[in-house]
Amino acid sequence: MASLLTGSKEDFPESEAALRTMVGKMIGQPKHIFCRGCGYGSIAANIGRVFIKNNVDEAKYPFFVGVGCYSAIPTALPGHSLMTLHGRGLAVATGAKLARPSIKPICISGDGDLLSIGTNHFIHACRRNIDMCVILLHNKIYGMTGGQQAPSTPKGAKATTAPYGSIDRTIDAVELAKTAGATYIARWTWAQPRKYMKSLETILFEHKGFGLLELVSSCPTYFGRKNDMAEPIDLFRWIRSNTIHLDKAKDMSAEELKDKIIVGEFVNTKVPEYNERYEELIARVRGARKK
Ligand SMILES: Cc1ncc(C[n+]2csc(CCOP(=O)(O)OP(=O)(O)O)c2C)c(N)n1
Ligand code: SF4
């Protein structure tokens, strides 16, 4: 960001398009390629705001993504990013963190990406408690490939591959991460920017270990259109009206909570971090060899 803000002459873009992108990055309102009403543009802007507010050293917080519409989020942001394979963002981020412990990878993932093809990487990253931030974008469908059913598609909801409504049970990422041992877990919706920006700050600047921030987002183009909420505002209102805070949900029955989005900070604990344990192991083995 420093070079963008102080901008030497060499950094100054020649084309108008490049100049607009640069200005967009500087003021935290990125140019992006997402559909009208998609939650991802707003989420990208708010990640940018967290970076700017905290004067983040971008080299310390590189982005890793798998494949999905969400993979374009880092292209709208300043900083370093690496696009990996579908579901493999966490595996590559784990390798990067082990090779360079001073970084804190930010792994952005979709619900198709992390809860389907990448589930195994997700479980193992949680149990290792490796110091990274995972932003799971939960829009209840595979956006990029044409609206196929995802493991988060609610029972009864329609998708390209479930034209008469899904008959599958969903995967709850928060419960899965809890069971697998993640040490920070929060879920919010994209309608709650202050809450999720606060959780993002907690994971990035306070928490040492595996932090999951699940964000329920809108895909009006596929999930909305197939489920009678084609207008972005309808889907946005549906998300808002079905959101319940954890504190309130505690006193509600399973029947009352059916199809509700339970939000809040679910876990925030301290457990020794993976790189630290790895460093200890190296020191122990080296010490033993010297004897
Ligand atoms: C190995 C492999 N299998 C399948 C695909 C096709 N593919 C690309 S993106 C995607 C789904 C992405 O959905 P999600 O992670 O929910 O992200 P969204 O597009 O909704 O942001 C699939 C199945 C692929 N790129 N690579
Ligand atoms: S297809 Fe859906 S997830 Fe992809 S950019 Fe469009 S609205 Fe967003």
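This is a short chat about a predicted model of a protein and the residues around its ligands.

Me: What kind of model is it, and how are things numbered?
Reply: It is a predicted model, in which local features need pLDDT of at least 70 and side-chain atom pairs count only at pLDDT 80 or more, while totals for chains, interfaces and linings use all residues. Residues are numbered from 1 along each chain as its sequence is written, and chains are lettered from A and ligands numbered from 1 in the order in which they are written.

Me: How many helices and strands are there in the protein?
Reply: The protein has 12 helices and eight strands, where helices (H or I, at least four residues) and strands (E, at least two) are DSSP runs, numbered from the N terminus.

Me: And how much of it counts as buried?
Reply: Of its 291 residues, 41% count as buried; a residue is buried if 20 or more other C-beta atoms, placed from the backbone, lie within 10 Å of its own, exposed if 12 or fewer, and partly exposed in between.

Me: Why is strand 4 largely enclosed?
Reply: Seven of the seven residues of strand 4 (residues 132–138) are buried, so the rest of the structure largely encloses this strand. Both of its faces are covered, with Met132, Val134, Leu136 and His138 buried on one side and Cys133, Ile135 and Leu137 buried on the other.

Me: Which strands pair with strand 4?
Reply: Strand 3 (residues 106–110) pairs with strand 4 in the parallel sense over five bridges, and Cys107 stands opposite Val134. Strand 6 (residues 210–216) also pairs with strand 4 in the parallel sense, over seven bridges, and here Met132 stands opposite Phe210. Two strands count as paired if DSSP finds at least two bridges between them.

Me: Switching to ligand 1, which residues come nearest?
Reply: Gly68, Gly110, Gly112, Asp113 and Gly143 come nearest, out of 17 residues around ligand 1; a residue is near a molecule or strand if its C-beta atom, placed from the backbone, lies within 6 Å of it.

Me: Which helix gives the most to that shell?
Reply: Helix 5 (residues 111–117) gives the most to the shell around ligand 1, with four residues.

Me: What about ligand 2, which residues are around it?
Reply: Among them are Phe34, Cys35, Tyr40, Asn139, Gly143 and Tyr222, and helix 9 (residues 220–226) gives the most to this shell, with three residues.
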